[in-house]
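User: I would like to go through a structure with you, one point at a time. Please keep the answers plain.

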Amino acid sequence: MNAAARRERAKPLAPEDRREAIITATRPLLYQHGQSTTTKLIAEAAGIAEGTIFRSFSTKDELFDAVLERELDREAFLARVAEIDPALPLRDRLLAYTTLLQGRFLGIFRLMAAMGMPKPPAKFQDEQARRRLHDSGVLSLIGADAGRFTLPVDRVAELVRGLTFAASHPHLTEQSPLTPEEIVDVILHGVLRPTRDDD
């Protein structure tokens with residue numbers, strides 16, 4: 001066997017690692033081709049034979065669901081939220097969180113649009129999981145600041161999520177999405193310039 005042939009052969013991977021590699025290779029293809037993504041394209045991107053795909057996934061739809069599930073992965077998102085330093089000033093904490101949240105929303109919206117999906121499948125709409133995302137997300141970062149807000153901290157958390165969602169959704173924004181800085185400053189300070197009467 002020549003050197004080129006050896007390079008072209010897929011490296012042996014554990015089943016779970018192979019599954020992850022296929023998901024990773026498929027994700028950008030779905031952005032580009034949507035539901036028209038073929039197993040041939042996936043195999044070429046992953047550097048494997050087409051048959052290898054079906055040793056990890058029983059159908060192409062199962063693979064597509066796995067890519068969507070990865071995009072919607074709440075635990076991976078919460079792990080990144082947990083890395084935000086709780087000792088940071090409030091604005092910096094909210095800015096770090098909103099940056100992560102907007103990135104999550106934009107990735108989900110983009111993938112769903114490419115796949116022609118108006119909303120996530122029902123199996124991904126879990127109220128208990130959504131509540132955990134809420135409680136372990138922004139609430140974990142701003143709960144200690146409850147006394148500084150004019151609204152209950154739970155309502156502030158809903159404002160952060162709601163404004164970030166609306167300001168990032170392609171069907172709700174005519175211009176470019178609001179930046180995380182704009183979102184946080186609107187929530188903390190509103191949009192009016194301070195006047196002497198406000199002193």
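User: To begin, in which helix is the place of V153?
Analyst: V153 belongs to helix α10, which covers residues 153–168. Please note that this is a predicted model.

User: What does V153 touch, not counting residues up to four places away in sequence?
Analyst: V153 touches L139, I142, G143 and A146.

User: Which residues is E158 in contact with, leaving aside its neighbours within four places in sequence?
Analyst: The contacts of E158 are with R130 and H134.

User: How far is E158 from A14 in space?
Analyst: Their C-alpha atoms are 42 Å apart, and the two residues are 144 residues apart in sequence.

User: Let us step back. How many helices and strands are there in the protein chain?
Analyst: The protein chain has 11 helices and zero strands. Read from the N terminus, the order is α-α-α-α-α-α-α-α-α-α-α. The chain is more spread out than a compact globule, because its radius of gyration is 21 Å, well over the 16 Å given by the globule rule for 199 residues.

User: What box do the C-alpha atoms fill?
Analyst: Along the principal axes, the C-alpha atoms of the protein chain fill a box of roughly 80 × 35 × 35 Å.

User: What percentage of the residues count as buried?
Analyst: Of the 199 residues, 34% count as buried. The accessible surface of the chain comes to about 12500 Å², and 53% of that area belongs to carbon and sulfur atoms.

User: And what share of the contacts with a separation of 6 or more is between residues 24 or more positions apart?
Analyst: Such pairs account for 65% of those contacts in the protein chain.

User: How far apart are the mean positions of the positive and negative charges?
Analyst: The chain carries 27 positive and 29 negative charges, and their mean positions are 6 Å apart.

User: Now to another helix. Where does I23 lie?
Analyst: I23 lies in helix α2, which spans residues 15–33. I23 is buried, since its relative accessible area is 4%, below the 20% limit.

User: Which residues does I23 touch, not counting those up to four places away in sequence?
Analyst: I23 touches F57, L63, A66, V67 and R70. As for S140, its C-alpha atom is separated from that of I23 by 31 Å, at 117 residues along the chain.

User: Is T26 buried or exposed?
Analyst: T26, also found in helix α2, counts as buried, because its relative accessibility is 0%. Leaving aside neighbours within four places in sequence, T26 is in contact with I42, L63, F64 and V67.

User: Finally, what pLDDT does the protein chain average?
Analyst: The average is 87, and 91% of the residues score at least 70.

User: Where does pLDDT stay under 50?
Analyst: It stays under 50 over residues 1–7, for which the model has two contacts beyond four places in sequence. Where pLDDT is low, the predicted coordinates should not be read in detail.

Definitions and conventions. Residues numbered from 1 in each chain as written. Predicted model: local features only at pLDDT ≥ 70, side-chain atom pairs only at ≥ 80, totals over all residues. Heavy atoms only, no water. Helix = DSSP H or I, 4+ residues; strand = E, 2+ residues; numbered from the N terminus. Rg over C-alpha atoms; globule rule 2.2 N^0.38 Å. Buried < 20%, exposed > 50% of the residue type's maximum accessible area, 1.4 Å probe, protein only. Contact = heavy atoms within 4.5 Å. Areas by Shrake-Rupley, 256 points an atom, 1.4 Å probe, with all protein chains shown as cover. Lys, Arg positive; Asp, Glu negative; His and termini not counted. Charge placed at Lys NZ, Arg CZ, Asp CG, Glu CD. pLDDT = per-residue confidence, 0-100.
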